[in-house]
Amino acid sequence: MTNNDDLKNTNEQATQDKHDTRADTKTIDADLQGAETDNTDEDAELGGFDENMFGQVQEMMARLERVGELEKENADLRGRLGRLAADFESYRRRTQEDVQAAQSQGVARAAEALMPVYDDLDRAVSMGSGDASKLIPGVQAVQATVLRVFGNLGLEATGKEGETFDPQWHEALQVVPGEGDDVIVQVYQPGFRMGDRLVRPARVVVSKKQ
């Protein structure tokens, strides 16, 4: 083999090596591009996953904050309810004490008002035991005392003979012929009223003109 042939073979080998090197370089570049593409896709997937996770974490944190606020509101409401219950119990106790005091005071005032009636009855019995003729004036004195006590309490007697019958204050037990209509001719039981409020109706006999 000549020198020219050796040189030719050397050049051909060098050319082939260049082609092989270029091919390997293209392969490496393609692999690198593929790897970059894969990494980009993975980063995109991870980025989306991280955003979803972050949103869920934010939602959970917001719920936890809301739970804390609700627990605080619940504690405040429980405290207010406890204070209201204590205030109501104090109010109920004071009201009960006031009612009891008013009842006791009312009983004392009623007893005090009736004491003159007892005194008059005691005198009437004392006088009537010695002289029966003095019993009637004693009883009349007791009656006058009772009416005076009723007047002091705000009670007013209603239903007297000669008055015009008024169904608001009177109860007709019987109707008899008479010279006029709706005139009280007899009183079985006097009535009492306190202002515009009826305490007890007067039970009367009423006339009716024929």
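What follows is a walk through the structure, from the overall fold to a few side chains.

This is a predicted model, in which local features need pLDDT of at least 70 and side-chain atom pairs count only at pLDDT 80 or more, while totals for chains, interfaces and linings use all residues. Residues are numbered from 1 along each chain as its sequence is written, and side-chain values use heavy atoms, with hydrogens and water left out.

Start with the fold. The protein has 2 helices and 6 strands. Helices (H or I, at least four residues) and strands (E, at least two) are DSSP runs, numbered from the N terminus. Along the sequence the order is α-α-β-β-β-β-β-β.

Next, the surface. Of the 210 residues in the protein, 10% are buried. Buried means under 20% relative accessible area, exposed means over 50%, and partly exposed lies in between (1.4 Å probe, protein chains only). The accessible surface comes to about 16700 Å², by the Shrake-Rupley method with a 1.4 Å probe. Carbon and sulfur atoms account for 54% of that surface. A contact means heavy atoms within 4.5 Å. Among contacts with a separation of 6 or more, 57% join residues 24 or more positions apart.

Now look at helix H2, residues 135-152. Its 18 residues should span 26 Å at 1.5 Å a residue, and its end C-alpha atoms are 26 Å apart, which agrees. The expected span is 1.5 Å times one less than the number of residues. Which residues of H2 are buried? They are Gly138, Val142, Thr145 and Val149. Seen down the axis of H2, these residues fall within an arc of 60 degrees, so they line one face of the helix. The arc is that of the directions from the helix axis to the C-beta atoms. An α-helix has 3.6 residues a turn, so residues three or four places apart point the same way. On the other side of H2, Ile136 and Gln143 are exposed. Just after H2, Gly154 takes a positive phi of about 95 degrees.

Turn to the rings. The structure holds 1 aromatic pair. The ring centres of Phe150 and Phe192 are 5.1 Å apart and the planes stand at 80 degrees, so the pair is edge-to-face. Rings of Phe, Tyr and Trp (its six-membered ring) pair if their centres lie within 6.5 Å; planes under 30 degrees apart count as stacked, over 60 as edge-to-face and the rest as tilted. Phe150 lies in helix H2 and Phe192 in strand E4 (residues 191-194), so the pair ties together parts that are 42 residues apart in sequence. Phe150 is partly exposed, at 26% relative accessible area. Phe192 is buried, at 12%.

Last, a charge. The charged end of Arg193 sits over the ring of Trp169, 4.5 Å from its centre. This requires NZ of Lys or CZ of Arg within 6 Å of the ring centre and within 35 degrees of the ring normal.
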